[in-house]
Amino acid sequence: MRLPTTTLQNCLRVSQRSSTFLRIRRVSPTGFNCYSTNAPPTVEVAGKSFQRDEWTNVPPHIISCVNRSLHLTPSHPIAITRALVERQFIGPVYKSYNNLSPVVSVHQNFDSLGFPASHPGRSKTDTYYINKDTVLRTHTSAHQADIFAAGESKGFTVAADVYRRDAIDRSHYPVFHQMEGARMWSRSEVPGSDIAAAVRADLEKLPKHNLVVEDTTSVFHEGNPLQPEHSAKECEAIAAHLKRSLEGVVVEVFGQAKKAAIAAGEAKEDDAPLAVRWIEAYFPFTSPSWELEVFWQGEWLELLGCGVVKQSLPNNAGVPDKLGWAFGVGLERVAMLLFGIPDIRLFWSKDGRFLSQFKEGQISRFAPFSKYPPCYKDVAFWLKTSSSPAGGSLAQFHENDMMEVVRDVAGDLAEDVRLVDEFVHPKTGRKSLCFRINYRSLEKTLTNDETNALHESVRNALHERYGVELR
Ligand code: PHE
């Protein structure tokens with residue numbers, strides 16, 4: 001069963017069932033190439049042609065999002081948010097990379113970062129494969145190794161679109177944006193090779209803030225370990241620099257959000273201060289690792305993931321004398337909070353009533369232009385079983401396959417899809433699923449005929465692609 005998705009999509013999700021890369025969840029070997037039947041032997045992505053194979057699962061509606069570059073579109077809320085965070089990491093220390101192609105190798109996205117072969121993030125149910133060696137990046141960390149190897153600056157940021165097969169609801173979209181950041185120090189360049197002292201000296205130069213941050217994490221311990229290549233002092237200094245730098249981002253971003261909310265009459269100057277906390281986390285490419293959470297409208301939201309860079313990365317990139325930290329933040333999540341944007345689909349809207357509300361360099365509160373009525377429709381079906389004569393590779397079905405069919409047929413007209421019932425027939429052992437789809441346009445009222453036609457197409461596509469028996 002799906003968990004209620006009360007949090008917003010961010011950098012850390014693999015899917016709606018797991019909130020971080022760490023948590024392993026049920027994976028069924030599906031996400032097969034449902035586009036292969038009549039598909040040409042190659043697939044075009046970002047102006048390049050790739051050979052299809054049995055791993056290819058990237059659908060046309062996703063390919064069409066490549067190159068929208070919302071993070072670089074002037075006056076778009078994602079670009080405004082990107083610039084706001086980027087301003088905290090300026091040159092010459094930090095170099096920004098904002099034009100890296102989303103088409104990366106499996107090596108860049110997973111292997112270079114030490115993801116184990118069995119990691120669920122690698123599965124076709126979670127990741128868009130162009131073919132067995134090439135994916136649409138699932139996170140901006142895919143560029144860490146190359147940027148370390150290029151060694152163009154001490155630190156960097158990467159803002160980019162990332163792609164994940166995922167749930168459909170108001171805070172999840174299969175394409176979203178992240179900003180990666182990293183800061184490294186070189187043993188051969190700091191005075192006396194004393195990394196800890198050099199990092200502490202840089203820490204002193206960071207702006208101080210008076211944000212109260214709850215931090216009950218210890219810098220490292222067995223479950224969130226110090227790396228053998230680092231001394232305790234080095235790790236402590238790097239962690240302190242990392243945490244202060246990121247707290248600075250929160251102070252800036254939420255200070256701006258509060259100003260905008262006050263201007264819109266939604267908040268008061270003396271409202272309770274922002275509650276922020278550090279919690280421990282796990283990523284294959286940092287150790288120790290943490291997440292930063294903020295308390296927003298009654299719940300703790302994961303804002304970013306970070307940690308001390310695993311030494312294997314700089315070592316493999318040919319810069320073994322360097323060590324430091326990295327973070328990744330989800331820009332949609334931040335933008336939704338900053339601008340009060342209630343539905344992630346809005347970021348993709350080309351409607352002037354949305355786009356005209358935002359101005360470069362300014363945080364303003366989103367004024368909804370209208371709320372059109374929802375239309376709920378259920379679809380229930382029996383899954384094919386492998387024991388059935390026609391079973392074979394169509395036997396498995398993953399919730400993300402449902403999401404994909406709905407995205408493909410209804411696009412942004414689907415607001416939310418949830419599994420409302422699931423059972424196994426006691427006699428036949430067949431499994432039945434029932435999903436409830438909420439069709440709602442952000443731009444107009446859908447007519448009954450329109451929603452009925454959409455729903456009929458979803459039903460047909462489910463039957464054709466996955467061989468399910470509609471009920
Ligand atoms: N790439 C991670 C994610 O998407 C976030 C992260 C980046 C964590 C850098 C640690 C360091 O979940």
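A contact here means heavy atoms within 4.5 Å. Among contacts in the chain between residues at least 6 apart in sequence, 71% join residues at least 24 apart. This is a predicted model, in which local features need pLDDT of at least 70 and side-chain atom pairs count only at pLDDT 80 or more, while totals for chains, interfaces and linings use all residues. Residues are numbered from 1 along each chain as its sequence is written, and side-chain values use heavy atoms, with hydrogens and water left out.

The chain has eleven helices and 17 strands; helices (H or I, at least four residues) and strands (E, at least two) are DSSP runs, numbered from the N terminus. Of its 471 residues, 56% count as buried, where buried means under 20% relative accessible area, exposed means over 50%, and partly exposed lies in between (1.4 Å probe, protein chains only).

One part to follow is an open sheet of four strands, in the order β15-β16-β14-β17, with antiparallel pairing. Two strands pair if DSSP finds at least two bridges between them. The edges are held by β15 (414-424) and β17 (469-470); each has a single partner strand, so one side of each is left without a neighbour in the sheet. Strand β14 (residues 375-382) is joined to β17 by two bridges, and these strands run antiparallel. In that pairing, W382 has E469 of β17 as its bridge partner.

Two helices pack on this sheet. Helix α10 touches β14, β15 and β16 (431-439), and its direction makes about 145° with that of β15. Helix α11 touches β14, β16 and β17, and its direction makes about 20° with that of β14. Axes are lines fitted to C-alpha atoms, for helices over the stretch in contact, and angles run from 0 to 180 degrees between N-to-C directions.

On its other pairing, β14 is joined to β16 by eight bridges, again antiparallel. There, C375 has Y439 of β16 as its bridge partner. Six of the eight residues of β14 are buried, so this strand is largely enclosed by the rest of the structure.

The helices also meet each other. Two packed helices are described by the angle between their axes and the distance between the axes. For α10 (residues 399-410) and α11 (residues 448-466), the axes come within 9 Å and cross at roughly 130°. The two are therefore oblique to each other; angles under 35 degrees count as roughly parallel, over 145 as roughly antiparallel, 65 to 115 as roughly perpendicular and the rest as oblique. From α10, the residues D401, M402, V405, V406, D408, V409 and A410 meet L454, S457, V458, A461, L462, R465 and Y466 of α11. By class, this contact has ten nonpolar, one polar and three charged residues. Ala, Val, Leu, Ile, Met, Phe, Trp, Tyr, Cys and Pro count as nonpolar, Asp, Glu, Lys and Arg as charged, and the others, Gly among them, as polar.

Some backbone details remain. The peptide bond from G91 to P92 is cis, with omega near 0°, and P92 lies in the loop between α2 (77-86) and β3 (94-97). Another cis peptide bond joins S287 and P288, with omega about -10°; P288 is in strand β11 (residues 286-296).

Positive phi in a residue other than glycine is found at S69, near 50°. S69 lies in the loop between α1 (60-63) and α2 and, at 27% relative accessibility, counts as partly exposed. S193 also has a positive phi, near 55°. The loop between β8 (175-186) and α5 (195-205) holds S193, which is partly exposed, with a relative accessible area of 46%.
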